[in-house]
Amino acid sequence: KPVKRFLSSINHGHVIVSAAVFFAGAFLVLSSIPKLAKYEFKTDTSFSAPKDAADFITPLKISGNMFNEYGFGGYLIWRLYPGKKVFIDGRSLDPDVYKEYNVIAAAMEEQGRSWEDIMRKYNISYIISPPLLPRGEIIPIVEKALWSDDWALIYRDQLSLIFLRKADENMPLIHQFGMDKKEALNTIIVQASARAKINSANPYYLITLGKVFLKSGRLSDAEKAFEMAYQRDPHNPIIREWLLKIRETKERTGSE
């Protein structure tokens with residue numbers, strides 16, 4: 001009997017404790033609902049969603065189709081469909097299209113077809129993309145558009161670049177929004193600088209910075225960027241080659 005009374009008291013106590021926990025939890029949930037209702041979810045425009053680029057492109061009547069960076073696809077569908085259709089998004093629904101995406105993004109040739117062939121196949125006339133790969137290099141198709149006379153830069157912000165093919169039907173938009181492609185270098189500098197600070201062991205953001213500074217004629221800044229990259233990866237022959245090239249250029253031109 002003493003054992004039964006003891007067990008009964010334990011069970012009774014367990015029920016009381018469980019009930020207390022339940023009601024306390026319910027009270028906390030119910031009391032937090034008004035606070036949750038005050039939260040406003042906003043788009044991260046720093047390094048993820050190309051909100052401002054979507055705002056810019058939405059009203060424009062562009063002849064031809066879009067090529068977008070893979071990570072931008074989901075957001076751009078949400079913002080632009082059905083008026084403008086993305087090339088690809090994170091679902092990768094068609095394996096063949098995913099392969100073609102990689103050929104274009106890498107600006108390469110595969111099985112006898114070049115990235116330009118695939119662009120013609122899909123009548124691609126504009127590109128929406130961040131400038132950098134996750135590791136830090138400039139995305140090859142962005143670099144192609146950046147230095148090619150066939151593409152005009154019509155938009156840039158801290159995250160995104162938009163290039164428009166120089167076709168007759170697009171010239172009114174290019175005359176209205178076209179800008180010096182050096183503006184795109186500023187986007188690259190912003191992203192590479194910020195990410196080089198976050199990724200303290202990664203030399204590639206600094207290598208990209210060095211190349212961009214060199215392209216802009218900023219030899220001293222280019223040298224500093226490559227020196228910092230060298231400190232992170234002293235066995236990288238590419239970094240040593242760039243440093244040698246810059247120092248020879250400075251010595252030959254007498255630049256500081």
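1. In this predicted model, the axes of α10 and α11 approach within 10 Å of each other and cross at roughly 155°, and the two helices are therefore roughly antiparallel. The crossing of α10 and α11 is left-handed. On the α10 side the contact is made by Leu219, Ser220, Ala222, Glu223, Phe226, Glu227, Ala229 and Tyr230, while α11 contributes Ile239, Arg240, Trp242, Leu243, Ile246, Arg247, Thr249, Lys250 and Thr253.

2. Phenylalanine 226 and tryptophan 242 form a stacked aromatic pair, with 5.5 Å from centre to centre and 5° between the planes. Because phenylalanine 226 lies in helix α10 (residues 219-232) and tryptophan 242 in helix α11 (residues 237-253), the pair ties together parts that are 16 residues apart in sequence. Phe226 and Trp242 are also among the residues that make the contact between α10 and α11, and phenylalanine 226 is buried, its relative accessible area being 0%.

3. Ring pairs also link Phe67, Tyr70, Phe87, Tyr98, Tyr101 and Tyr122 into a cluster. One of these residues, phenylalanine 87, is placed in the loop between α3 and α4 and counts as buried at 13% relative accessibility. Phenylalanine 87 and phenylalanine 67 are 20 residues apart in sequence, yet their C-alpha atoms are 5.3 Å apart in space. Leaving aside residues up to four places away in sequence, phenylalanine 87 touches Met66, Phe67, Asn68, Val97, Tyr101, Ile104, Tyr122 and Ile124, a list in which Phe67, Tyr101 and Tyr122 are also members of the ring cluster.

4. Arginine 135 lies over the face of tyrosine 204, at 3.8 Å from the ring centre, and lysine 215 lies over the face of tryptophan 147, at 4.4 Å from the ring centre.

5. The loop between α3 and α4 (95-105) also holds lysine 85, which is exposed, with a relative accessible area of 57%. The C-alpha atoms of lysine 85 and asparagine 68 are separated by 9.7 Å, and the two residues are 17 residues apart along the chain.

6. A cis peptide bond, with omega about 5°, joins tyrosine 81 and proline 82, and proline 82 is placed in the loop between α3 and α4. Serine 92, which lies in the loop between α3 and α4, has a positive phi of about 45° although it is not a glycine, and at 25% relative accessibility serine 92 counts as partly exposed. Glutamine 111, likewise not a glycine, has a positive phi of about 55°; glutamine 111 lies in the loop between β2 (109-110) and β3 (113-114) and is exposed, with a relative accessible area of 79%.

Conventions. Residues are numbered from 1 along each chain as its sequence is written. This is a predicted model: local features need pLDDT of at least 70, side-chain atom pairs count only at pLDDT 80 or more; totals for chains, interfaces and linings use all residues. Side-chain values use heavy atoms; hydrogens and water are left out. Rings of Phe, Tyr and Trp (its six-membered ring) pair if their centres lie within 6.5 Å; planes under 30 degrees apart count as stacked, over 60 as edge-to-face and the rest as tilted. Helices (H or I, at least four residues) and strands (E, at least two) are DSSP runs, numbered from the N terminus. Buried means under 20% relative accessible area, exposed over 50%, partly exposed in between (1.4 Å probe, protein chains only). A charge sits over a ring if NZ of Lys or CZ of Arg is within 6 Å of the ring centre and within 35 degrees of the ring normal. Axes are lines fitted to C-alpha atoms, for helices over the stretch in contact, and angles run from 0 to 180 degrees between N-to-C directions. Angles under 35 degrees count as roughly parallel, over 145 as roughly antiparallel, 65 to 115 as roughly perpendicular and the rest as oblique. A crossing is left-handed if the near helix is turned anticlockwise from the far one by less than a right angle, and right-handed if clockwise. Contact means heavy atoms within 4.5 Å.
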